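Student: Could you take me through the biggest pocket, slowly? I'd like to hear what surrounds it, and then about the aromatic rings.

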Amino acid sequence: MSAEAVALLEELRTTALSCTACRLAEERLNVVFGDGNPRADVVFVGEAPGAREDEQGLPFVGPSGKLLERLLGEIGLRREDVYIANVVKCRPPKNRDPRPDEIAACKGYLREQLSLIDPKVVVTLGNFSSKLLLNTETGITRLRGTAYEWWGRYLVPTFHPAAALRGSAQVLEDMQYDFGLVAAAIAGNLGANADHDEVDPAAEPDDDPEQLGLFGA
């Protein structure tokens, strides 16, 4: 990432901090724009801020964040090595799911974050980010386990850490497998680890990136 791109990312943050494009601005404490290394090889994309994130203005600062840091450590990464963002930047009331119009109002920020950071790998955490960026209605249980070729990089969908905290040991094992795909993608060693035969939910190259919240080559 060039110095100019770093400056543009900071300008984007400044713009987002005063955003009133949807109803979520009415009750937020803080805009949770994103956090981490602007030159990261990996960007993680979650759903929306929770109560702790809203209070601190940072993504993944609660138990889910601790689990994310643990999983990163297992593949030799630290939180400060990656960049973390969400589909929507403000907390939905009572942690409800973000609504389609809220996602539509906010996804431009995510598109610009990904374009400016230009990572090798995007990791989507849970249904909302996976469905948005892969332009699919397929659920995360079916999507995960594969590294998808996506706009000149790889996209690895996996469960949200919260699902592992409240779910079975199998969910955590599945996430560990997916993080192994992330490590392989960074190193350029995907090979047999990536199942390219099942890559159909991703957007076609002629889809309009402005409509999908994506960016093209």
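**The largest pocket**

Tutor: The largest pocket has a volume of about 560 Å³. A pocket here is an open set of points on a 1 Å grid over the protein atoms alone, where a 1.4 Å probe fits, with protein on both sides within 12 Å along at least five of seven lines, and lining residues have an atom within 4 Å of a point. The points are joined across faces, edges and corners, and the volume is the space filled by probe spheres set on them. Keep in mind that this is a predicted model: local features need pLDDT of at least 70, side-chain atom pairs count only at pLDDT 80 or more, and totals for chains, interfaces and linings use all residues. Residues are numbered from 1 along each chain as its sequence is written, and side-chain values use heavy atoms, leaving out hydrogens and water.

Around the largest pocket sit 26 lining residues, with Glu47, Ala48, Ser64, His160 and Ala162 nearest its centre. Two or more lining residues come from each of α2 (51–56), α3 (63–74), α5 (127–134) and α7 (161–166); helices are DSSP runs of H or I, at least four residues, strands are E runs of at least two, and both are numbered from the N terminus.

Now the rings: there's one aromatic pair in the structure. Phe44 and Phe179 are stacked, 5.6 Å centre to centre with 25° between the planes (pairing takes centres within 6.5 Å, stacking takes planes under 30 degrees apart). Phe44 belongs to strand β2 (residues 42–46) and Phe179 to helix α8 (residues 169–187), 135 residues apart.

Methods: Rings of Phe, Tyr and Trp (its six-membered ring) pair if their centres lie within 6.5 Å; planes under 30 degrees apart count as stacked, over 60 as edge-to-face and the rest as tilted.
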